Amino acid sequence: MSQYQAGILEAVPAHAQHLFFALESAADLPAAIDRLTNLVEGTSTVVGLGESLVQALGREVAALRVFPALSGKGVDIPSSQHALWCWLRGDDRGELLHRSRRLEAALAPALRLVQKTDAFRYDGGRDLTGYEDGTENPDGDDAVAAAVVAEGMEAGSSFVAIQHWVHDLDGFDALQPDERDNIMGRRRSDNEELDDAPESAHVKRTAQESFTPEAFVLRRSMPWSDGTQAGLLFVAFGHSLDAFEAQLRRMAGLEDGIVDGLFRFTRPTTGGYYWCPPLRDGRLGL
């Protein structure tokens, strides 16, 4: 029986590492994938495959595609698609470091690590701006329905969209409190939604029930910092990629010309789509 990778539904951890790999040697791929399935159990490490890797394995996942580069009014959303993404979850940064080293060694020479990002939980689950993140996340059975494929050949799998967003925290802090609240559409003080928020407010741009069909995703985003830049590592799981993409297009103003207020202080610098295979008999179903 197929079962989703449990880490997808679990709450965000205290610390995480996101590893992004490029495909270097298709000939060495079968052995590397075998080693990967021996290391990953889907809870402390969640794995997602890009379209190029799925094709290299001789598989077809119909709903998987490459992340699209989008442009709106004063907005550029880049694509930086990779072959493989691994999300390491834990409570100790040192332990994550050693796990990431083991994964990198196990995947070589078939796959080469090209980017590693450390992420962390901040103030109980807030973005670095101080606003709560993922307030409208579905819970329980609704979360499973939003994030996991329910039936068919890919039952138990999930799709994930990942972006690095870089914040201008100095610029954001220089804004007046009500101006910051209007960008988000919520009060930072109590997380209450503003009835009179402008149409550009983030909560109005991404209200999941306002799309046709409704665009529910399960967010597992976390703050990140590399010492010179900081922001949000956005992670959204879905039973397809359509809900996320509908939200992103509206944020960029491609639906009605109204650009999300978030772009006043933050911008995405990466973008990738990945397929998270189910577990079968406790191993990745590859």
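Reader: Is C276 buried or exposed?

Author: Keep in mind that this is a predicted model. The general idea is that buried means under 20% relative accessible area. C276 sits at 1% relative accessibility, so it counts as buried.

Reader: And how many disulfides does the structure hold?

Author: For a disulfide, two cysteine sulfur atoms have to lie within 2.5 Å. Here the count is zero. C276 is in no disulfide, and its nearest cysteine sulfur belongs to C86, 10.0 Å away. C86 is buried too, at 0% relative accessibility.

Reader: Moving on to helices: why is α8 largely enclosed by the rest of the structure?

Author: Check burial residue by residue. Helix α8 spans residues 242-251, and seven of its ten residues are buried, so the rest of the structure largely encloses it. Those residues are A243, F244, E245, Q247, L248, R250 and M251. Their cover includes the strands β4, β5, β8, β11 and β13, along with helix α7. Just after α8, G253 takes a positive phi of about 80°.

Reader: Now a loop residue. Where does T129 lie, and what is its side chain's polar contact?

Author: You'll find T129 in the loop between β7 and α4. It is buried, with a relative accessible area of 3%. Its side chain makes a polar contact with the side chain of D127, at 2.7 Å. Leaving aside neighbours within four places in sequence, T129 is in contact with H167, L169, F172, M184, R188 and F265.

Notes:
Residues are numbered from 1 along each chain as its sequence is written. This is a predicted model: local features need pLDDT of at least 70, side-chain atom pairs count only at pLDDT 80 or more; totals for chains, interfaces and linings use all residues. Side-chain values use heavy atoms; hydrogens and water are left out. Buried means under 20% relative accessible area, exposed over 50%, partly exposed in between (1.4 Å probe, protein chains only). Helices (H or I, at least four residues) and strands (E, at least two) are DSSP runs, numbered from the N terminus. Contact means heavy atoms within 4.5 Å. A polar contact is a pair of N or O atoms within 3.5 Å; within protein, one must be able to donate a hydrogen and the other to accept it, and residues adjacent in sequence count only if both atoms are side-chain atoms.
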